[in-house]
Amino acid sequence: MDFSSEITWHVLLVVFGALLIGSAIGFILAKTAKTDSAKATVANLNARMKSWWIMVIVLFSALAMGRLGTTIIFALISFLALREFLTATPTRRADHGSLFFSFFIVLPYQFYLVHIGWYGMFTIMIPVYAFVLVPALMAIAGDVTDFLERAARTQWGLMVCVYFISHIPMLLMLDVQPLRMGKAGLVLFLIAVTQGSDVLQYVWASSSANIPSCLS
């Protein structure tokens, strides 16, 4: 992947700079925390810092491997996300056919469409074809208990964990001229904004929790 854009390098420097500063702050706080509650808060912060480091390194490695590598990495992320989503929802034996269809047909085909750049099919494959075929497979299984609820869980699991995530590597297929950030820069900017919101939400929530009660 081309990282020649100056703006892309600026985004990288900001992201890694923020991670280095956050890691240094976490290290200092871990050494100076005295109370149990402070230690627990710092431990939570450092655990989040480690997860952010892993995410950034995985993303950078994926982009460095080019379009195919990026697509494969996000397909694996999508697979794990869908597994976690459906694991947290109740399923029945009659759902196994639709789940197999979702994991091993819909998900790989969606990212195959990303790789070949077939944008027309990419945009409608899940919200049109998968939304019809998933309840059809459930109906064929013959179990109508909570049918609409079960179908909706699987359908929206595909939307949230596969369809939405697949748009990230699809950014690399955009043919926009001129694009000062570069295609890799678009992905980096998206991840930076998303993770930045997570960081600020965590910092704000932690700060609010520690505001003296006299100020309330």
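Reader: What makes the 38 residues a nonpolar core?

Author: A nonpolar core is a set of buried Ala, Val, Leu, Ile, Met, Phe, Trp, Tyr and Cys residues joined through side-chain atoms within 4.5 Å, where buried means under 20% relative accessible area with a 1.4 Å probe, protein chains only. The largest such set here has 38 residues, and Leu-63, Leu-82, Val-106, Phe-111, Ile-126, Leu-158 and Val-162 touch the most other members. Helices H1 (6-32), H2 (36-64), H3 (66-87), H4 (96-116), H5 (119-141), H6 (147-170) and H7 (182-209) each supply at least two residues of this core, with H6 giving the most, 9 residues.

By the way, this is a predicted model: local features need pLDDT of at least 70, side-chain atom pairs count only at pLDDT 80 or more, and totals for chains, interfaces and linings use all residues. Residues are numbered from 1 along each chain as its sequence is written, and side-chain values use heavy atoms, leaving out hydrogens and water.

Reader: Which residues are included in the second, separate core?

Author: Leu-19, Leu-45, Trp-52 and Val-56 are among its 6 residues.

Reader: Why is H4 called roughly parallel to H6?

Author: Their axes, lines fitted to C-alpha atoms over the stretch in contact, come within 10 Å and cross at roughly 20°. Angles under 35 degrees count as roughly parallel, so H4 is roughly parallel to H6.

Reader: Which residues of H4 and H6 meet?

Author: In H4, Leu-99, Val-106 and Phe-111 are among those that meet H6 residues including Leu-158, Val-162 and Met-170; contact means heavy atoms within 4.5 Å.

Definitions and conventions
Buried < 20%, exposed > 50% of the residue type's maximum accessible area, 1.4 Å probe, protein only. Helix = DSSP H or I, 4+ residues; strand = E, 2+ residues; numbered from the N terminus. Axes fitted to C-alpha atoms, helices over the stretch in contact; angles between N-to-C directions. Parallel < 35°, antiparallel > 145°, perpendicular 65-115°, else oblique.
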